[in-house]
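Hi,

Here is the structure I promised to pass on. Have a look at it first, and then read my notes below.

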Amino acid sequence: MLDAHPQPHQFPRRLLVAVTGLSPQIVTETLYALAVAPPARAFVPTEIHLITTRSGAEKARLALLSDEPGWFHRLSHDYALPPIHFANETIHVLEDAGGRPLEDIRSPEDNRRAADGITGIIREFTADPDCALHVSIAGGRKTMGFFLGYALSLYGRPQDKLSHVLVSEPFEASLGFYYPTPTSRVLEMPGGRLVDSAKAQVTLAELPFVSLRHGLPEALLTGLASYNETVEAARHALAPAELQIDLATRRVRAADKIFALPPAELALLSVFARRALRGEAPLPAPAKELADADWKKRYLVELRWIAGPMKDLDETERALRKGMDGGYFSAHLSKLKKILRRELGPAAEPYLISDGGSRPRRYSLGLRPTAVSYDSLPALQHSGTTISSILSGA
């Protein structure tokens, strides 16, 4: 039986990604659970990436990467782990609106900046097809863990995993506990109680998540959209399909995105949109090498609405002098589909003109009548923070 997807440990680049605050223990605890605890070495990361604040980064460097105590280096040595790239450059410090490191996340603006920063990092990592992510939401402020988990839901792929680390009592309350040591190491707990870190138990609770990646337009998978814009686009991609056409401005609204179409492709879309609006039956395409006068008539009616009464359409009318043939129809249908898929990504499917899937081919726009309207669309906004501008590349 074929394996649909490679397992996470089979990817050449394997990233452990975590948010941390003032408790960097989350890194060594999660690494221990992944690489040491049974099933042993199921996922040994090749890189560790932390997302944190300025003070969190400083504490992580001192506690994990220093010569002493250097808990990351100790863990790697104690359990003979293979080389793992974890250094200052893999600690990502969130920034405020002015580009300064965030000291903490307390205000609404801090939350927005944290959400955007975390989303951007996960978007970048998931763009690498040779990479598998293991994301831990156990550390940092609760909002950081939420944003990290939601970012993985937006961008995560089958090979990416989400988890929370669990530490047995009383070790979870100890600031001196970093991982279960292979030999006895005594820790003093609050109140004077002594415990042996070798007896601690650390496990991972894997958290299933619903991936929304398939619903995001390509521009959001590769662009610089904010967290709020990405979430909004995912919502619209999952919402019922509605198509609004403004022939005067040559624009459409689909999946709640407004974008322009070339006149020839807009005219073809409008032919089928009007039929969907009136609940009319699917149409056969023009024959391959036979000019169709009826197709020419219905197409030029739409094109005239788009061009306006004073616009010269001589060139198009010459091309369609005897009627529209199958080659002309297919060329513009193909271009229309390409534009819709570029603008809307997988959310384009309800707006594509379908051939019915069986012979004889009959074409239609599969929207209910109430989902189609012809209205004036609002003027385009020029702010760089609107979804429309992000998706259109403005």
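Arg13 stands opposite Cys131 in strand S4. Before going on, a word on the source: this is a predicted model, where local features need pLDDT of at least 70, side-chain atom pairs count only at pLDDT 80 or more, and totals for chains, interfaces and linings use all residues. Residues are numbered from 1 along each chain as its sequence is written, and side-chain values use heavy atoms, with hydrogens and water left out.

Back to the strands. Helices (H or I, at least four residues) and strands (E, at least two) are DSSP runs, numbered from the N terminus. S1 and S4 are paired in the parallel sense, over six bridges; two strands count as a pair if DSSP finds at least two bridges between them. S1 also runs parallel to strand S2 (residues 47–52), and five bridges join the two. Look for Leu16 there, which stands opposite Ile48 in S2.

How enclosed is S1 (residues 13–19)? Six of its seven residues are buried, so the rest of the structure largely encloses this strand. Buried here means under 20% relative accessible area, exposed means over 50%, and partly exposed is in between (1.4 Å probe, protein chains only).

Now zoom out to the sheet. It is an open one of six strands, in the order S3-S2-S1-S4-S5-S8, and the pairing is mixed. S3 and strand S8 (202–206) stand at the edges with a single partner strand each, so one side of each has no neighbour in the sheet. From one strand to the next, the twist averages 25 degrees. As a reminder, strands of a sheet pair through backbone hydrogen bonds, either parallel or antiparallel. You can find the antiparallel sense between strand S5 (residues 161–167) and S8, which pair over five bridges. There, His164 stands opposite Ala205 in S8.

Helix H2 lies across S2 and S3, and runs at about 165 degrees to S3. Axes are lines fitted to C-alpha atoms, for helices over the stretch in contact, and angles run from 0 to 180 degrees between N-to-C directions. Ser55 lies in H2 (residues 54–65). Is Ser55 buried or exposed? Ser55 is buried, with a relative accessible area of 18%. Setting aside neighbours within four places in sequence, Ser55 is in contact (heavy atoms within 4.5 Å) with Leu22 and Glu103. The C-alpha atoms of Ser55 and Val93 are separated by 9.2 Å, and these residues are 38 apart along the chain.

Next, a helix pair. Helix H8 (residues 263–278) and helix H11 (residues 326–344) pack at an angle of about 95 degrees, and their axes are 9 Å apart. H8 and H11 are therefore roughly perpendicular to each other (angles under 35 degrees count as roughly parallel, over 145 as roughly antiparallel, 65 to 115 as roughly perpendicular and the rest as oblique). On the H8 side you will find Ala264, Glu265, Leu268, Leu269 and Phe272, which meet Phe329, His332, Leu333, Lys335, Leu336 and Ile339 in H11. The residues of this contact divide into eight nonpolar, one polar and two charged. Ala, Val, Leu, Ile, Met, Phe, Trp, Tyr, Cys and Pro count as nonpolar, Asp, Glu, Lys and Arg as charged, and the others, Gly among them, as polar.

Then there are the salt bridges: the structure holds 20 of them. A salt bridge is a side-chain nitrogen of Lys or Arg within 4 Å of a carboxyl oxygen of Asp or Glu. Asp104 forms one with Arg141, with the closest N and O atoms 2.8 Å apart. This pair links distant parts of the chain, 37 residues apart. Asp104 is partly exposed at 21% relative accessible area, and Arg141 is partly exposed at 37%.

Glu280 forms a salt bridge with Arg275 (closest N and O atoms 3.2 Å apart) and another with Arg278 (2.9 Å, N to O). Arg275 counts as buried at 17% relative accessibility, whereas Arg278 is exposed at 52%. Glu280 itself is partly exposed, at 34%. Arg13 turns up again here, linked with Glu47 and Asp128 in a network of salt bridges.

Finally, the whole chain: there are twelve helices and 14 strands, and 48% of the 394 residues count as buried.

Cheers
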